[in-house]
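Reader: I have a new structure to look at, and I would like to learn how to read it feature by feature. Could you take me through it slowly?

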Amino acid sequence: MSHRKNGYSMLELIIVIAITGAVAVPLSTFAISGLRSYSYLEAQSNAAVDLNILSGRLAKVIRGATTIDTATANSLIFYGYFSPQDTSIKKIRYFISGNLIEVGVTPPTGTAPSYTYAAADEKVTVMRNDMTMGANTLFTYYDDVGTLLTGGFTVGQIKQIGLYLAANPNPKQLPVPLSISTKVTLRNQKVNL
């Protein structure tokens, strides 16, 4: 009488391990690919939301400009209310410096309407540190009928300001920078009132 031992033979175990491995490799590859896609979409979505918020903030402050001081392709200096809580007009400077978009805010000194703005009082804050503007400019300027101002225009001609932002928070995940553009009509420069 022969007794057979309960359990699996070595051959049976090797076959089960091989089948499990053959099934697990494609499943893990699929899962990793799905996680990478999700991570990419999340990074892209977060960057788009952040750029939209930044664009909205800049547009709101620029729209309320009372006077424009200097207008170049990557720098805009004007006077206005930087914050809704402001009770006096501040000197505001938005500018690009390398891959940074920054804002400088100078509070007034003296009494209205004879305010002065000391350069030493300017507080500069980095708004974003991953700008990838390429050949694009931060600002474009338009007259009262929407014609692009080029060359030798005066700040008095500016009635609308185009704003272009491009950023790439993670170049390894996002091969192409995300961008947003908008055009702002200056509330205090309207001619159709």
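Reader: Which residue in strand 3 is the bridge partner of F78?

Author: Before the answer, note that this is a predicted model, in which local features need pLDDT of at least 70 and side-chain atom pairs count only at pLDDT 80 or more, while totals for chains, interfaces and linings use all residues. Residues are numbered from 1 along each chain as its sequence is written, and side-chain values use heavy atoms, with hydrogens and water left out. Helices (H or I, at least four residues) and strands (E, at least two) are DSSP runs numbered from the N terminus, and two strands pair if DSSP finds at least two bridges between them. In this structure the bridge partner of F78 is I92, which lies in strand 3. Strand 2, residues 75-80, and strand 3, residues 90-97, pair in the antiparallel sense over six bridges.

Reader: In what order do the five strands of the open sheet stand, and which are the edge strands?

Author: The five strands form an open sheet in the order 1-2-3-4-5, with antiparallel pairing. Strand 1 (67-71) and strand 5 (123-128) are the edge strands, each pairing on one side only. From one strand to the next the twist averages 20°, where axes are lines fitted to C-alpha atoms, for helices over the stretch in contact, and angles run from 0 to 180 degrees between N-to-C directions.

Reader: How many aromatic pairs are there, and what counts as one?

Author: Rings of Phe, Tyr and Trp (its six-membered ring) pair if their centres lie within 6.5 Å; planes under 30 degrees apart count as stacked, over 60 as edge-to-face and the rest as tilted. By this rule the count comes to five aromatic pairs. For F78 and Y94, the ring centres are 6.0 Å apart and the planes are at 35°, so this pair is tilted. Because F78 lies in strand 2 and Y94 in strand 3, the pair ties together parts that are 16 residues apart in sequence. Both F78 and Y94 are buried, where buried means under 20% relative accessible area, exposed over 50%, and partly exposed in between (1.4 Å probe, protein chains only). The rings of Y115 and Y117, with centres 6.4 Å apart and planes at 65°, form an edge-to-face pair. Y115, at 29% relative accessibility, counts as partly exposed, and Y79, Y115 and Y117 form one aromatic cluster.

Reader: What sits over the ring of Y142?

Author: A charge sits over a ring if NZ of Lys or CZ of Arg is within 6 Å of the ring centre and within 35 degrees of the ring normal. The charged end of K183 sits over the ring of Y142, 3.9 Å from its centre. In another such case, R57 lies over the face of F82, at 4.6 Å from the ring centre.

Reader: Which residues touch the most other members of the largest nonpolar core?

Author: In soluble globular proteins, nonpolar side chains tend to be buried together. A nonpolar core is a set of buried Ala, Val, Leu, Ile, Met, Phe, Trp, Tyr and Cys residues joined through side-chain atoms within 4.5 Å. Of the 34 residues in the largest core here, I62, L76, F78, Y94, F139 and I161 touch the most other members. Helix 1 gives the most to this core, with seven residues. Leaving aside neighbours within four places in sequence, I62 is in contact (heavy atoms within 4.5 Å) with L76, F78, Y94, F139, I161, V184 and L186.
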